[in-house]
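Have a look at the model first, then read on.

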Amino acid sequence: MENGNTPFIGDALYISLDEKKTLSLPASANFLTLFDSSGKRQVPLYNVIWIEIANGNLFIDYAAQSSKTHVKLERWTFALAKDNESLGSLRPEEFTARVLERAYGDSQLRKRAYVLINPHAGPGGALRKWSNEVKPLFDAARMELDVVTLKRGGEATDLAEQVDIDKYDTIMACSGDGTPHEIFNGLAKRLIHLI
(Lines give C-alpha, C1' and ligand atoms only; values in the text may rest on other atoms or scores of the structure.)
Protein backbone atom coordinates (compact mmCIF):
# COMPACT_ATOMS: atom_id res chain seq x y z
CA MET A 1 0.00 0.00 0.00
CA GLU A 2 1.08 3.58 -0.41
CA ASN A 3 1.48 4.07 3.34
CA GLY A 4 4.39 1.59 3.38
CA ASN A 5 2.87 -0.63 6.08
CA THR A 6 2.47 -3.64 3.82
CA PRO A 7 5.61 -5.35 2.50
CA PHE A 8 5.65 -6.21 -1.19
CA ILE A 9 8.05 -8.37 -3.13
CA GLY A 10 9.36 -6.59 -6.20
CA ASP A 11 6.58 -5.68 -8.60
CA ALA A 12 3.74 -7.53 -6.90
CA LEU A 13 0.18 -6.89 -7.98
CA TYR A 14 -2.20 -6.09 -5.16
CA ILE A 15 -5.68 -4.95 -4.27
CA SER A 16 -6.84 -3.25 -1.12
CA LEU A 17 -9.61 -4.83 0.87
CA ASP A 18 -11.81 -3.50 3.61
CA GLU A 19 -10.58 -3.41 7.22
CA LYS A 20 -6.99 -2.57 6.23
CA LYS A 21 -6.37 -5.86 4.45
CA THR A 22 -4.33 -6.22 1.28
CA LEU A 23 -4.12 -9.18 -1.09
CA SER A 24 -0.86 -9.49 -2.99
CA LEU A 25 0.20 -11.54 -6.02
CA PRO A 26 4.01 -11.42 -6.10
CA ALA A 27 5.51 -11.52 -9.59
CA SER A 28 8.29 -13.88 -8.52
CA ALA A 29 6.31 -16.32 -6.35
CA ASN A 30 3.50 -18.79 -6.86
CA PHE A 31 1.16 -17.85 -4.04
CA LEU A 32 -1.40 -15.28 -2.96
CA THR A 33 -0.55 -13.40 0.21
CA LEU A 34 -3.09 -11.76 2.48
CA PHE A 35 -1.74 -9.03 4.75
CA ASP A 36 -3.94 -8.06 7.69
CA SER A 37 -3.67 -7.12 11.36
CA SER A 38 -2.74 -10.69 12.34
CA GLY A 39 0.18 -10.86 9.90
CA LYS A 40 0.18 -12.69 6.60
CA ARG A 41 -1.49 -15.80 5.25
CA GLN A 42 -0.68 -17.53 1.99
CA VAL A 43 -2.38 -19.84 -0.48
CA PRO A 44 -0.30 -21.53 -3.20
CA LEU A 45 -1.59 -20.62 -6.65
CA TYR A 46 -1.83 -24.29 -7.60
CA ASN A 47 -4.46 -24.61 -4.83
CA VAL A 48 -6.58 -21.71 -6.13
CA ILE A 49 -9.72 -23.15 -7.70
CA TRP A 50 -11.61 -19.94 -8.43
CA ILE A 51 -11.61 -16.24 -7.67
CA GLU A 52 -14.39 -13.80 -8.45
CA ILE A 53 -16.01 -10.54 -7.46
CA ALA A 54 -19.70 -10.30 -6.66
CA ASN A 55 -21.70 -7.64 -4.80
CA GLY A 56 -18.63 -5.72 -3.67
CA ASN A 57 -16.93 -8.83 -2.26
CA LEU A 58 -13.95 -10.87 -3.37
CA PHE A 59 -14.33 -14.66 -3.11
CA ILE A 60 -11.38 -17.04 -3.33
CA ASP A 61 -12.07 -20.78 -3.39
CA TYR A 62 -9.06 -23.00 -2.83
CA ALA A 63 -8.11 -26.57 -1.94
CA ALA A 64 -6.79 -26.82 1.61
CA GLN A 65 -4.85 -29.85 2.80
CA SER A 66 -6.98 -31.28 5.63
CA SER A 67 -4.81 -34.38 6.17
CA LYS A 68 -1.99 -36.23 4.41
CA THR A 69 -4.44 -37.80 1.96
CA HIS A 70 -7.37 -35.36 1.79
CA VAL A 71 -8.07 -31.86 0.61
CA LYS A 72 -11.20 -29.84 1.27
CA LEU A 73 -12.73 -26.73 -0.19
CA GLU A 74 -11.99 -23.54 1.72
CA ARG A 75 -13.13 -20.00 0.93
CA TRP A 76 -11.77 -16.58 1.71
CA THR A 77 -14.40 -13.82 1.50
CA PHE A 78 -13.43 -10.17 1.72
CA ALA A 79 -15.21 -6.89 1.22
CA LEU A 80 -13.42 -4.74 -1.34
CA ALA A 81 -12.05 -1.38 -0.25
CA LYS A 82 -14.53 1.48 -0.32
CA ASP A 83 -14.49 3.89 -3.27
CA ASN A 84 -12.54 6.55 -1.41
CA GLU A 85 -9.71 4.16 -0.52
CA SER A 86 -6.89 3.11 -2.82
CA LEU A 87 -7.87 0.05 -4.87
CA GLY A 88 -4.32 -1.16 -5.43
CA SER A 89 -2.12 -1.71 -8.45
CA LEU A 90 -4.99 -3.08 -10.57
CA ARG A 91 -8.76 -2.87 -10.68
CA PRO A 92 -10.26 -5.85 -8.81
CA GLU A 93 -11.56 -7.47 -12.04
CA GLU A 94 -8.09 -7.29 -13.58
CA PHE A 95 -6.54 -8.69 -10.39
CA THR A 96 -8.90 -11.71 -10.39
CA ALA A 97 -8.17 -12.36 -14.08
CA ARG A 98 -4.42 -12.30 -13.38
CA VAL A 99 -4.79 -14.70 -10.44
CA LEU A 100 -6.76 -17.19 -12.56
CA GLU A 101 -4.24 -16.81 -15.38
CA ARG A 102 -1.35 -17.55 -13.00
CA ALA A 103 -3.21 -20.35 -11.18
CA TYR A 104 -4.32 -22.19 -14.32
CA GLY A 105 -1.52 -21.31 -16.72
CA ASP A 106 -2.32 -22.77 -20.14
CA SER A 107 -5.00 -25.09 -18.71
CA GLN A 108 -8.59 -24.60 -19.75
CA LEU A 109 -10.98 -23.07 -17.24
CA ARG A 110 -14.41 -24.58 -16.60
CA LYS A 111 -13.63 -28.04 -17.91
CA ARG A 112 -16.39 -30.41 -18.99
CA ALA A 113 -16.37 -33.83 -17.34
CA TYR A 114 -18.26 -37.08 -17.76
CA VAL A 115 -18.26 -38.66 -14.30
CA LEU A 116 -19.03 -42.31 -13.72
CA ILE A 117 -19.67 -43.31 -10.11
CA ASN A 118 -19.70 -46.93 -9.00
CA PRO A 119 -21.66 -46.89 -5.72
CA HIS A 120 -20.60 -50.47 -4.94
CA ALA A 121 -16.83 -49.98 -5.34
CA GLY A 122 -14.59 -50.81 -2.40
CA PRO A 123 -16.50 -50.40 0.84
CA GLY A 124 -19.34 -48.67 -1.03
CA GLY A 125 -18.39 -45.10 -0.12
CA ALA A 126 -18.00 -43.69 -3.63
CA LEU A 127 -21.28 -41.74 -3.59
CA ARG A 128 -20.49 -40.23 -0.19
CA LYS A 129 -16.94 -39.33 -1.24
CA TRP A 130 -18.23 -37.85 -4.49
CA SER A 131 -20.85 -35.72 -2.73
CA ASN A 132 -18.75 -34.64 0.26
CA GLU A 133 -15.20 -34.44 -1.05
CA VAL A 134 -14.95 -34.34 -4.84
CA LYS A 135 -18.03 -32.55 -6.21
CA PRO A 136 -17.59 -29.42 -4.05
CA LEU A 137 -14.12 -28.90 -5.55
CA PHE A 138 -15.38 -29.37 -9.12
CA ASP A 139 -18.35 -27.09 -8.49
CA ALA A 140 -15.99 -24.42 -7.16
CA ALA A 141 -13.96 -24.74 -10.38
CA ARG A 142 -17.18 -24.06 -12.30
CA MET A 143 -16.86 -27.37 -14.12
CA GLU A 144 -19.70 -28.65 -16.28
CA LEU A 145 -20.47 -32.14 -14.95
CA ASP A 146 -22.55 -34.93 -16.41
CA VAL A 147 -22.75 -37.54 -13.65
CA VAL A 148 -23.90 -41.13 -14.04
CA THR A 149 -24.35 -43.53 -11.13
CA LEU A 150 -23.60 -46.97 -12.49
CA LYS A 151 -26.14 -49.73 -11.93
CA ARG A 152 -24.41 -52.83 -13.30
CA GLY A 153 -21.02 -54.31 -14.15
CA GLY A 154 -19.88 -53.50 -17.67
CA GLU A 155 -22.00 -50.36 -17.86
CA ALA A 156 -18.93 -48.07 -17.80
CA THR A 157 -17.55 -49.92 -20.84
CA ASP A 158 -20.79 -49.34 -22.75
CA LEU A 159 -20.98 -45.68 -21.74
CA ALA A 160 -17.35 -44.95 -22.66
CA GLU A 161 -17.83 -46.65 -26.02
CA GLN A 162 -20.93 -44.57 -26.81
CA VAL A 163 -20.02 -41.20 -25.27
CA ASP A 164 -19.84 -38.10 -27.47
CA ILE A 165 -16.10 -37.70 -26.95
CA ASP A 166 -16.06 -34.12 -28.27
CA LYS A 167 -18.52 -33.02 -25.60
CA TYR A 168 -16.06 -33.58 -22.71
CA ASP A 169 -12.55 -32.68 -21.71
CA THR A 170 -12.23 -35.72 -19.47
CA ILE A 171 -13.95 -38.88 -18.31
CA MET A 172 -13.62 -39.52 -14.58
CA ALA A 173 -14.30 -42.52 -12.41
CA CYS A 174 -15.28 -42.27 -8.78
CA SER A 175 -14.85 -45.90 -7.85
CA GLY A 176 -12.36 -48.65 -7.24
CA ASP A 177 -9.99 -49.81 -9.98
CA GLY A 178 -12.62 -51.77 -11.97
CA THR A 179 -14.45 -48.76 -13.39
CA PRO A 180 -11.35 -47.07 -14.89
CA HIS A 181 -10.50 -50.45 -16.45
CA GLU A 182 -14.00 -50.59 -17.98
CA ILE A 183 -13.64 -46.99 -19.25
CA PHE A 184 -10.35 -47.84 -20.98
CA ASN A 185 -11.96 -50.91 -22.54
CA GLY A 186 -14.87 -48.82 -23.81
CA LEU A 187 -12.52 -46.23 -25.30
CA ALA A 188 -10.49 -49.01 -26.92
CA LYS A 189 -13.66 -50.42 -28.50
CA ARG A 190 -14.20 -47.01 -30.11
CA LEU A 191 -10.81 -47.38 -31.80
CA ILE A 192 -11.63 -50.88 -33.01
CA HIS A 193 -14.72 -49.50 -34.78
CA LEU A 194 -12.50 -46.99 -36.61
CA ILE A 195 -10.18 -49.68 -37.99
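Two strands count as paired if DSSP finds at least two bridges between them. Helices (H or I, at least four residues) and strands (E, at least two) are DSSP runs, numbered from the N terminus. Keep in mind that this is a predicted model: local features need pLDDT of at least 70, side-chain atom pairs count only at pLDDT 80 or more, and totals for chains, interfaces and linings use all residues. Residues are numbered from 1 along each chain as its sequence is written, and side-chain values use heavy atoms, with hydrogens and water left out.

**The sheet**
- The open sheet has three strands, ordered β9-β8-β10, with parallel pairing.
- β9 and β10 are the edge strands with a single partner each, so one side of each has no neighbour in the sheet.
- β8 and β9 run parallel and are joined by six bridges; Ile 117 has Thr 149 in β9 as its bridge partner.

**The helix**
- After α2 comes Arg 142, with a positive phi near 60°.

**What's tucked away**
- Buried residues of α2 include Trp 130, Leu 137 and Phe 138 (buried means under 20% relative accessible area, 1.4 Å probe, protein chains only).

How values were computed:
Buried < 20%, exposed > 50% of the residue type's maximum accessible area, 1.4 Å probe, protein only.
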